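Me: Please go through this chain with me as a set of questions and answers. Begin with the overall picture and then move to the details.

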Amino acid sequence: MAISKALIACLLISLLVLQLVQADVFENSQKKKGYAKKIDCGSACVARCRLSRRPRLCHRACGTCCYRCNCVPPGTYGNYDKCQCYATLTTHGGRPKCP
């Protein structure tokens, strides 16, 4: 009876350790694939659109681009080389989508 309880306890501990190891391996593989931590799009777009003549429109477009690309170029204009995905998004008319 004591052996079976010890065996069950050992198996449960082994499963717990295995789960922790698998979670760590998964997290490391995500980092290697280039999945970055999500940025705060709200504050990034507020900074990007603060000098815009149409801040609500700018913030809405910037937010859409930020959620898709997970980046916003620094500054209030330009710097698209810092975030290629942000620079390549276009509207249905072929114009640049992101401010």
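Reply: Buried residues (under 20% relative accessible area; exposed is over 50%, partly exposed in between, with a 1.4 Å probe and protein chains only) make up 19% of the 99 residues in the chain. This is a predicted model, in which local features need pLDDT of at least 70 and side-chain atom pairs pLDDT 80 or more, while totals for chains, interfaces and linings use all residues. Residues are numbered from 1 along each chain as its sequence is written, and side-chain values use heavy atoms, with hydrogens and water left out.

Me: Which pattern does the chain follow along the sequence?

Reply: Helices (H or I, at least four residues) and strands (E, at least two) are DSSP runs, numbered from the N terminus. The chain has four helices and zero strands. Read in order, the pattern is α-α-α-α.

Me: What pattern do the disulfides of the chain follow?

Reply: A disulfide here is a pair of cysteine sulfur atoms within 2.5 Å. The structure holds six of them. With bonded cysteines counted along the chain, the pattern is 1-7, 2-5, 3-4, 6-12, 8-11, 9-10.

Me: How many residues apart are Cys41 and Cys66?

Reply: A disulfide joins Cys41 to Cys66, with an S to S distance of 2.0 Å, and -80° about the S-S bond makes the link left-handed. The pair links distant parts of the chain, with Cys41 in helix α2 and Cys66 in helix α3, and the separation is 25 residues.

Me: Where does Cys98, the partner of Cys65, lie?

Reply: Cys65 and Cys98 form a disulfide with their sulfur atoms 1.9 Å apart. The torsion about the S-S bond is about -95°, so this disulfide is left-handed. The pair spans 33 residues, from Cys65 in helix α3 to Cys98 in the segment after α4 (84-88).

Me: What is the relative accessibility of Cys98?

Reply: Cys65 is buried, with a relative accessible area of 0%. Cys98 also counts as buried, at a relative accessibility of 5%.

Me: Why does the disulfide of Cys69 and Cys85 tie together separate parts of the sequence?

Reply: The sulfur atoms of Cys69 and Cys85 are joined at 2.1 Å, and the link is left-handed with -70° about the S-S bond. Because Cys69 lies in helix α3 and Cys85 in helix α4, the pair ties together parts whose distance in sequence is 16 residues.

Me: Which class does Cys85 fall into by accessibility?

Reply: Cys69 is buried, with a relative accessible area of 14%. At 33% relative accessibility, Cys85 counts as partly exposed.

Me: What kind of aromatic pair do Tyr80 and Tyr86 form?

Reply: Rings of Phe, Tyr and Trp (its six-membered ring) pair if their centres lie within 6.5 Å; planes under 30 degrees apart count as stacked, over 60 as edge-to-face and the rest as tilted. A search of the whole structure finds one aromatic pair. Tyr80 and Tyr86 are 6.2 Å centre to centre with 25° between the planes, so by these cut-offs the pair is stacked.

Me: What is the phi of Asn70?

Reply: Most residues other than glycine have a negative phi. Asn70 is in the loop between α3 and α4 and, at 18% relative accessibility, counts as buried. Although Asn70 is not a glycine, its phi is positive, at about 60°.

Me: Where is Asn79 found?

Reply: Asn79 has a positive phi of about 60° although it is not a glycine. At 33% relative accessibility, Asn79 counts as partly exposed. Its place is the loop between α3 and α4.
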